[in-house]
Amino acid sequence: MSHRSIGVVMNGVTGRMGYRQHLVRSVLAINEQGGVALSDGGRVTLRPVLVGRNPDKLAKLAADHGIEEWTTELDAALADESNLIYFDAQVTQARVKAVLAAIEAGKHVYAEKPTAENHGDAVALAEAAAARGVKNGVVQDKLFLPGLLKLRRLIDGGFFGRILSVRGEFGYWVFEGDWQAAQRPSWNYRAEDGGGIVLDMFPHWTYVLENLFGRIESVYARAVTHVPERVDERGETYPATADDAAYGVFELEGGVVAQINSSWTVRVNRDELVEFQVDGTHGSAVAGLRNCRIQHRAATPRPVWNPDLPVTARFRDEWQEVPDNAEFDNGFKTQWEMFVRHVLEDAPFPHDFASGARGVRVAELALRSSAEGRRLAMEQ
């Protein structure tokens with residue numbers, strides 16, 4: 001059994017997501033377990049090369065985790081032939097230029113979503129990667145959450161019969177930044193900086209819907225800015241020019257209708273920050289980040305509507321919890337392992353730049369739908 005190490009250029013790991021999920025809980029966690037297991041019984045560890053704009057942050061990050069290599073010069077990291085993979089978790093506005101540079105350097109590229117701010121640029125990335133012959137992938141982490149893995153199991157087992165509809169609720173209250181600090185950076189609320197919940201979340205909903213239920217055929221959305229003014233990291237008030245909530249209806253192949261609400265201006269009254277209810281002819285399920293509950297048609301109660309009497313039934317108690325039946329690893333880490341195997345031994349990896357471009361297209365159509373007030377067909 002062989003054991004080797006490959007260099008992974010990681011750009012944008014000083015940000016929250018790049019640091020927590022990709023560096024610490026994925027790349028470093030993979031190394032702690034002895035590397036990625038390959039089909040021949042060998043293993044490969046990942047040698048992170050940190051890239052960013054702030055040398056002080058990079059130096060501290062490297063020192064904290066015993067990482068030897070960091071640089072503010074992306075070109076220098078890309079020039080090293082021992083670095084096989086480039087990973088991008090920067091703000092969306094900076095992604096296209098850096099990814100194109102990595103592709104030109106012959107690196108296999110793995111990137112956060114959205115891959116670009118507009119569909120044209122996202123398609124250009126996919127075409128450039130194909131022309132250069134490099135492997136490419138986009139993070140589609142929610143497919144690997146325990147709740148959605150259980151939902152996938154129900155679908156594969158025929159639990160639902162014919163699926164009729166999907167209803168999704170996502171979001172939480174992001175503080176305005178004045179009397180309590182905001183949980184998200186201020187650029188999220190500036191359209192000129194690539195912000196907005198549609199561009200952030202609709203690529204997620206695209207891969208969730210299309211991998212579980214069917215291809216999107218049309219989009220109708222209403223994107224709004226409920227909180228028009230916020231306070232940034234320096235304590236200065238600024239106008240919020242990007243959408244902070246969006247209400248979407250997606251028609252899927254086979255007649256399935258999906259409704260998904262996304263909001264940074266909602267207070268949570270559900271079990272998890274994101275939940276999907278799936279209703280079918282034979283049963284229904286509610287899946288969150290970790291848990292999944294079901295109600296089969298044979299166990300479906302007969303609610304009676306009577307506004308003159310108080311409701312005594314506890315509707316949530318009439319659902320059954322889906323057992324784990326497996327050990328679920330961190331979803332980001334699982335997808336990292338898949339991509340490494342894809343690069344080294346051509347293992348399957350369907351979540352490529354083309355699928356990422358489709359998510360950007362859905363977001364683009366949603367914003368146009370909101371502006372024009374009409375349903376728009378999705379070009380197939």
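**Entry 1: ground rules**

I count two residues as in contact when they have heavy atoms within 4.5 Å. I take helices (H or I, at least four residues) and strands (E, at least two) as DSSP runs, numbered from the N terminus. The model I am looking at is predicted, with local features needing pLDDT of at least 70 and side-chain atom pairs counting only at pLDDT 80 or more, while totals for chains, interfaces and linings use all residues. Residues are numbered from 1 along each chain as its sequence is written, and side-chain values use heavy atoms, with hydrogens and water left out.

**Entry 2: helix α5 and its partners**

I started with α5 and α9. Which residues of α5 meet α9? I found H119, A122, V123, L125, A126 and A129 in α5, facing F353, A354, A357, V360, R361 and E364 in α9. By class, I noted 9 nonpolar, 1 polar and 2 charged residues in this contact. For the classes, Ala, Val, Leu, Ile, Met, Phe, Trp, Tyr, Cys and Pro are nonpolar, Asp, Glu, Lys and Arg are charged, and the others, Gly among them, are polar.

Next I looked up the geometry. Two packed helices are described by the angle between their axes and the distance between the axes. The axes are lines fitted to C-alpha atoms, for helices over the stretch in contact, and angles run from 0 to 180 degrees between N-to-C directions. For α5 (residues 119–132) and α9 (residues 353–372), I read an angle of about 175 degrees and axes 8 Å apart. That makes α5 roughly antiparallel to α9. The cut-offs are under 35 degrees for roughly parallel, over 145 for roughly antiparallel, 65 to 115 for roughly perpendicular, and oblique for the rest.

Then I turned to α4 (residues 92–104), which packs with α5 at about 10 degrees, with the axes 9 Å apart. That makes α4 roughly parallel to α5. Here V96, V99, L100, I103 and E104 of α4 touch D121, L125, A128, A129 and R132 of α5. I sorted them into 7 nonpolar, no polar and 3 charged.

**Entry 3: buried spots**

I call a residue buried under 20% relative accessible area, exposed over 50%, and partly exposed in between (1.4 Å probe, protein chains only).

Is A363 buried or exposed? A363 is buried, at a relative accessible area of 1%. I placed A363 in helix α9. Leaving aside neighbours within four places in sequence, A363 touches V198, L199, F202 and P203.

N11 sits in strand β1 (residues 3–11) and is also buried, with 5% relative accessible area. Beyond neighbours within four places in sequence, the contacts of N11 include V51, G52, L74, Y86 and F87.

In helix α6 (residues 146–156), I listed P146, G147, L148, K150, L151, L154 and I155 as buried. They pack against β8 (163–171), α7 (197–212), β14 (274–280), β15 (283–287) and β16 (292–296). After α6 comes G158, with a positive phi near 75 degrees.

**Entry 4: rings**

How many aromatic pairs does the structure hold? I noted 13. Rings of Phe, Tyr and Trp (its six-membered ring) pair if their centres lie within 6.5 Å; planes under 30 degrees apart are stacked, over 60 edge-to-face, and the rest tilted.

F159 and F160 make an edge-to-face pair, 5.2 Å centre to centre with 80 degrees between the planes. Both are buried. F339 and F349 are edge-to-face too, at 5.3 Å and 70 degrees. F339 lies in helix α8 (residues 331–345) and F349 in the loop between α8 and α9, so this pair ties together parts 10 residues apart in sequence. F339 and F349 are both buried. I also saw that ring pairs link F87, Y110, W336, F339 and F349 into a cluster.

I checked charges over rings, meaning NZ of Lys or CZ of Arg within 6 Å of the ring centre and within 35 degrees of the ring normal. R190 lies over the face of Y238, 5.1 Å from the ring centre. R267 has its charged end over the ring of W173, 3.9 Å from the centre.

The peptide bond from K113 to P114 is cis, with omega near -10 degrees. I found P114 in the loop between β6 (108–111) and α5.

N325 is not a glycine, yet has a positive phi of about 60 degrees. N325 is in the loop between β17 (320–321) and α8, exposed at 63% relative accessible area. D346, not a glycine either, has a positive phi of about 60 degrees. D346 belongs to the loop between α8 and α9, and is exposed at 56% relative accessible area.
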